[in-house]
Amino acid sequence: MSPIVVGGPALFLGEGTPCVALLRPELDVNDQGLRLAAERAGVTPEEFAGESGVWQVMADRTDGEGRSFELPELADGDAAVFADELLIALSGTGDCELELADGVLVLTVTGAGEGRSALAARVVPPAGAQGGAEGGPLDLELGTLPVAELRDEVEGFRRSLA
């Protein structure tokens, strides 16, 4: 089957697994892969694509534990503020804790010297979240990552919101 092209802003933190992603997928109902998948499912492309433009959080640990859920109330402006705060945190040398959507995602940034920062995250699905939020909070150690690469990723995400 043809791959379905998914667009929209996406921020991935971590190198492989463990990781945390904040994304707002956009599916094009005119995409050939989507149209083929819809036909095979016996639905219209619009039904198959579902509601686009809803923010999602996905988190995965190396032990197979993960969370994925939607944040329908999250606005692009909230995601932009989170990105701006993360860029500021990556510019400093001290510890910083950032929060998105009233604590749904809490990111801890710790300076690790030599142009690196250690990242940790806590993902707490909101009550009644769509998409498998029954597992409760999930803590992840995202690793010690190069600040320059993190900044590039966050800046690209921020530009995609403009």
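Me: Two strands count as paired when DSSP finds at least two bridges between them. Which residue in strand 9 is the bridge partner of Leu105?
Reply: The model is predicted, so local features need pLDDT of at least 70 and side-chain atom pairs 80 or more, while totals for chains, interfaces and linings use all residues. Numbering starts from 1 along each chain as its sequence is written, and side-chain values use heavy atoms, without hydrogens or water. Strand 8 (105-111) pairs with strand 9 (116-123) over 7 bridges, antiparallel. In strand 9, Leu105 has as its bridge partner Val123.

Me: Which are the edge strands?
Reply: Strands are DSSP runs (E, at least two residues), as are helices (H or I, at least four), numbered from the N terminus. The open sheet has 4 strands in the order 7-8-9-10, with antiparallel pairing. Pairing on one side only marks strand 7 (96-100) and strand 10 (138-146).

Me: How many residues apart in sequence are the parts that Arg24 and Asp76 tie together?
Reply: Their side chains form a salt bridge (Lys or Arg nitrogen within 4 Å of an Asp or Glu carboxyl oxygen) at 3.0 Å. Arg24 sits in the loop between strand 3 (19-23) and strand 4 (26-27), and Asp76 in helix 3, so the pair links parts separated by 52 residues.

Me: Is Arg24 buried or exposed?
Reply: Arg24 also bridges Glu26, with N and O 2.6 Å apart. Relative accessible area sets the class: buried under 20%, exposed over 50%, partly exposed in between (1.4 Å probe, protein chains only). Glu26, at 30%, is partly exposed. Arg24, at 13%, is buried.

Me: How many residues apart in helix 4 are Glu155 and Arg151?
Reply: Their side chains meet in a salt bridge at 3.4 Å. Glu155 is partly exposed at 26%, and Arg151 is partly exposed at 25%. About one helical turn separates them, because their spacing in helix 4 is 4 residues.
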